[in-house]
Each structure stands twice: as structure tokens, then as C-alpha cells.
Amino acid sequence: MSKMTLKTEGDTHVIVTRRFAAPPEAVYRAHTDPKIIQKWLLGPEGWTMPVCINEARPGGKFRYEWTNGKGGGFHITGEYVELKPYSRIVHIERMHLPDPTPDNHIETRFEADGPGTLMTMRMTLPDGKMRAAMLATGMESGMGVSYDRLEELLTSLPA
Amino acid sequence: METLDAVFSALADSTRRAILARLATGEATVNELAEPFEMTQPAISQHLKVLEDAGLIVRRVEGTKRPRRLSNTGIEAMDQWLGMLRKALAANYDRLDEVLERMTKQEVEKHKKGKKR
């Protein structure tokens with residue numbers, strides 16, 4: 001069973017939800033304390049984050065650097081817009097590959113859900129490019145795109 | 001990254017997405033593709049060129065006709081990239097589950113120690 005959902009909202013938003021078996025305070029800390037971030041925000045197996053600079057305050061900057069230990073790597077830089085312990089984080093980020101991608105505006109909410117937390121991440125993309133691509137790949141249903149699935153997704157895209 | 005940029009740009013247009021949706025049902029000529037849209041053939045051809053440059057569609061020569069169909073390369077490149085992104089998110093949150101479990105245990109231990117004193 002997958003605990004993660006991904007859907008689109010309107011023209012430029014992607015919404016990811018995930019439930020955690022820990023209270024919002026813990027999940028919020030795991031998103032703002034660099035020592036904790038370095039333990040999980042690592043992407044695919046085999047990658048590490050040797051540099052994790054994180055000033056979790058409004059206007060504060062962050063920089064995450066990843067490496068696969070084989071000479072491959074990239075980094076993300078960003079700024080915090082708003083932080084409301086332990087319920088809401090608003091930040092802007094971009095990937096450097098090495099050219100920077102367009103700014104991604106992200107709002108992350110943490111709500112108590114029984115003894116756990118429901119996290120809702122709302123990404124605001126500057127244009128429809130990334131969103132259309134995300135839809136077209138069938139992110140909600142997992143890996144692999146059949147042409148049938150692609151057709152269904154493409155026709156469901158708002159004009 | 002050049003291919004991916006081209007794919008994203010190609011997909012950003014609703015007419016081009018509709019063309020891809022039509023081609024997903026099978027091969028079609030320029031005239032067949034122009035029909036459902038209130039567009040001239042040159043305008044459709046321009047869209048087809050963008051899709052072709054992005055590697056999303058390919059053309060075949062059949063007499064005077066040039067029927068188009070979906071190609072695998074562009075879709076695969078996009079699929080691969082986004083598949084990685086989805087995998088990365090899922091892997092991150094699975095790891096976070098474990099981190100949170102350890103954090104919770106530590107909290108419980110702290111409380112136990114506090115009570116003993």
C-alpha cells in the first residue's frame with residue numbers, strides 16, 4: 001500500500017500528501033533541522049547529502065548538496081518565506097544542474113491526524129511545463145507509461 | 001537535458017497535448033490531425049515540428065503522405081526522469097518513517113529516565 005498520493009490542482013499546482021506515524025512537531029523538526037534532514041532527504045539509494053545548510057527562519061537560506069560518491073552530484077538552493085511551528089513551511093527552491101531550474105514555490109502543511117501527521121505539500125510551478133510532464137508520466141499510478149495511460153492523461157489535461 | 005527541455009516545452013501547449021492524445025490511438029496524417037482543430041495545415045505542421053524535434057513523434061513516408069505516430073524516445077526520456085523523481089520522493093518518505101520512529105523512541109527513553117530521577 002502506498003501512503004503517498006500525488007495530484008494536480010488547477011493549472012500550476014502539484015499536491016503531494018503523505019501520512020506519518022509521528023506527531024506534527026516531530027515531522028516539522030525533521031523538515032527543518034539540518035542534522036535530521038541529512039538522514040532522509042537523500043533521493044535514490046546510494047546518494048548522500050554532505051552539505052546541508054539550513055537557516056529555518058523567514059528570509060533564511062538553505063543549500064543542500066548531494067553526491068552519489070561516484071563523481072555525480074547536484075545541489076538545491078532556496079529561501080524560507082514563512083515558518084509556522086509545527087504546522088506550515090513556505091519556501092522557494094531551485095535545482096542547479098548546474099544551470100538553475102525555474103523557481104519552485106512550495107508550501108508544506110503538517111496536520112495532526114490521530115496520533116500521526118498528515119503532510120500536504122503544495123508545489124507552485126511557474127508554468128505548466130513541469131506539471132504537464134508529471135501528469136504525462138503517470139506519477140499517480142507508478143512507473144511505466146503505456147500509450148493507453150498516456151492518452152488518458154493527455155486528454156484529462158485542462159486546456 | 002536538452003531533450004527534456006524540448007519535451008517539457010512541447011507538452012506545455014494544449015493543442016500539442018491534444019495531438020499526442022490523438023496519436024496515442026494510432027497513426028494519423030496531417031489532414032487527419034488538422035480536422036478536429038480550427039487550425040490551418042501549416043499551423044498544425046508547425047506544432048508537429050515541435051513535437052518531432054522533442055522526439056515525441058516520428059514520421060513515415062507513404063507516397064505523398066507523411067503519417068505521424070508516437071515515438072518512444074521523448075516519452076521514455078521524460079518517463080525516466082520523472083520516474084526517478086517519484087522514486088526519490090517515495091524513498092525519502094520511507095526513510096523519514098524510520099527517522100521518526102527513532103525520534104519517538106528517544107523521546108520515550110528521555111521520559112523514562114526523567115521519571116527514574
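I looked up how strand S3 of chain A, residues 48-54, meets strand S4 of chain A, residues 61-67: the two run antiparallel and five bridges join them. I note that the model is a predicted one.

For one pair across these strands, I checked A:Thr48 and found A:Thr67 of S4(A) opposite.

Next I looked at the connection. S3(A) and S4(A) make a hairpin, with six residues lying between the strands. In that turn I noted A:Gly59, whose phi is positive at about 85°.

I then asked how many bridges join S4(A) to strand S5 of chain A. I counted seven, and the strands again run antiparallel, S5 covering residues 73-84.

Which residue in S5(A) is the bridge partner of A:Lys61? I found A:Glu79 there.

S4(A) and S5(A) also form a hairpin, and I wrote down five residues between the strands. A:Gly69 in this hairpin has a positive phi near 75°.

I turned to chain B. I listed five helices and two strands.

What share of the residues of chain B counts as buried? I have 25% of 117 residues.

Last, I looked at contacts in chain B between residues at least 6 apart in sequence. Of these, 53% join residues that are at least 24 apart.

Note on methods: Residues numbered from 1 in each chain as written. Chains lettered and ligands numbered in written order. Predicted model: local features only at pLDDT ≥ 70, side-chain atom pairs only at ≥ 80, totals over all residues. Pairing = 2+ DSSP bridges. Helix = DSSP H or I, 4+ residues; strand = E, 2+ residues; numbered from the N terminus. Buried ≥ 20, exposed ≤ 12 C-beta atoms within 10 Å, placed from the backbone. Contact = placed C-beta atoms within 7 Å.
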